[in-house]
Amino acid sequence: MNFVSTALFMLISFLLQSTLLSRFTIGGIRPNLLLIVVATVGLLLGRRYGMVSGFIAGLFVDIFFGSIIGIYALLYMYVGYVNGICRKVLFPGDFKLPLVLIVGSDVLYCHFCYLIMFLLKGDFSYPYYLSKIIFPEVIYTTLVAILYFPLMKFVFDRIRKREEEAEETIA
Amino acid sequence: MSPLVKRKREKYTLPNRYVLLILTIVCVILMILSFSTNILSVPLNTISGYALVPMQKGLTAVGTSLIGRAEKLKTLEQVMEENEKLKKELDAISEENTILQQDKYELTKLRELYELDDEYSEYDKVGARIIARDTGNWYSGFVIDKGSNDGIAVNCNVIAGSGLVGRVTDVGPNYAKVISIISDNTNTSGMILSTGDNLIVTGSLKLMERGVIEYSQLSDEDDQVGIGDKVVTSNISDKYLKGILIGYIETVNTDSNNMTKSGTLMPVVDFKHLDDVLVIKDLKNVP
């Protein structure tokens, strides 16, 4: 069940991000829905789910929009894995820490994007990219994550509860 | 969870860090393969083309119609006012049109005389709709809903309205990836239409916000190039057909070497509101 709902969340997010969200940009910037999903899957279901879903999500982005296949897969995979490690420090009912972790993931993700794709080709105008691309994206992503994370948590909680009930009846 | 089930599961799972290591190696191999060869693109494109493109098409259609409807309501009143005005204008224009018709007749005759051909309209074109855009905020590529089944190949030129949008970088059976000329680090060889001087047009993320693109390497020793000059794709470009309009010169600055000039130009295509594009099926034949 977890597998199916993770796949569904990823598929929907990827499709939304590549189609509809490009019409709801703020100042030409759109939120990073896929990152929210990958980080949340890591936070709620652990390292294994986090990294595999990150790998697949990144691969989709690479195939459709990247010039070199594997870069985004690598980035998203580590986002999922690191958030999976952080699952241990979460309390069940707490929403602030997961949000901080998701936002932190986005900040790191953006910096790695800049590092790999711009700094390495000799583009040193970091303040510009920070203020015009990274900062708006993080803010927008945070706003979306405030809505998206509880939704995903609700779905995964329901699934877990149902599975526990099913196991109890078997036992 | 009963201990029996747990033991069974543990038996089959690889530790997470090994999975991470394996996937990392897979990523690196994929990067090397896609950087140096072209093996990956065909199978991956076919699979993703049939799996995701239909859904993207549908969602884009929904989005376009939603936005379209909202805008329709908003502009209905404006349109009615405009209609009145336009009716009056139409009378004036239809008169003008007859004069232009005569001119056109003359023009075609003269063209025949000089054996010049309007190459632009001679290209075999196919219309396509943008169905997906780059998910990140760093590049501005997009995916269109026509592919190799419709005769599109890699390096086909993409235009919209009267100007150059970009070129096809990758093609699947029913979709094609397009990189736009304003995308960061994309170079296009262009020339000033009036003087024939060559220049390099470079996309830049920084200038994208202002809606302009950079150009450089313009050698204009006689200072003939001025603001508003037309820039078209050059005849020495190996990917772009010659004579497609890119934009108009906005600023001209002399470089510190005092030999070349650089500056910004205003593209004719409105990249922010791009929905439909035309793909030229003819490829530039470079020996």
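Two strands pair if DSSP finds at least two bridges between them; helices (H or I, at least four residues) and strands (E, at least two) are DSSP runs, numbered from the N terminus. Everything here comes from a predicted model, in which local features need pLDDT of at least 70, side-chain atom pairs count only at pLDDT 80 or more, and totals for chains, interfaces and linings use all residues. Residues are numbered from 1 along each chain as its sequence is written, while chains are lettered from A and ligands numbered from 1 in the order in which they are written.

**View 1. Strand 13 of chain B and its partners.** Strand 1 (residues 125-133) of chain B runs antiparallel to strand 13 (residues 276-280) over five bridges. Look for B:Ala128, which stands opposite B:Val277 in strand 13 of chain B. Strand 3 (residues 157-160) of chain B also pairs with strand 13 in the antiparallel sense, over three bridges. Here B:Asn157 has B:Ile280 of strand 13 as its bridge partner.

**View 2. Where chain A meets chain B.** In this view, 37 residues of chain A are in contact (C-beta atoms, placed from the backbone, within 7 Å) with 35 residues of chain B. Helix 3 of chain A gives the most to the side that touches chain B, with eight residues.

**View 3. The two domains of chain B.** Chain B is divided into domain 1 (15-49) and domain 2 (124-282), with bounds from an automatic or database domain assignment. The C-alpha centres of these domains lie 31 Å apart. Four residues of domain 1 are in contact with six residues of domain 2.

Notes. Contact = placed C-beta atoms within 7 Å.
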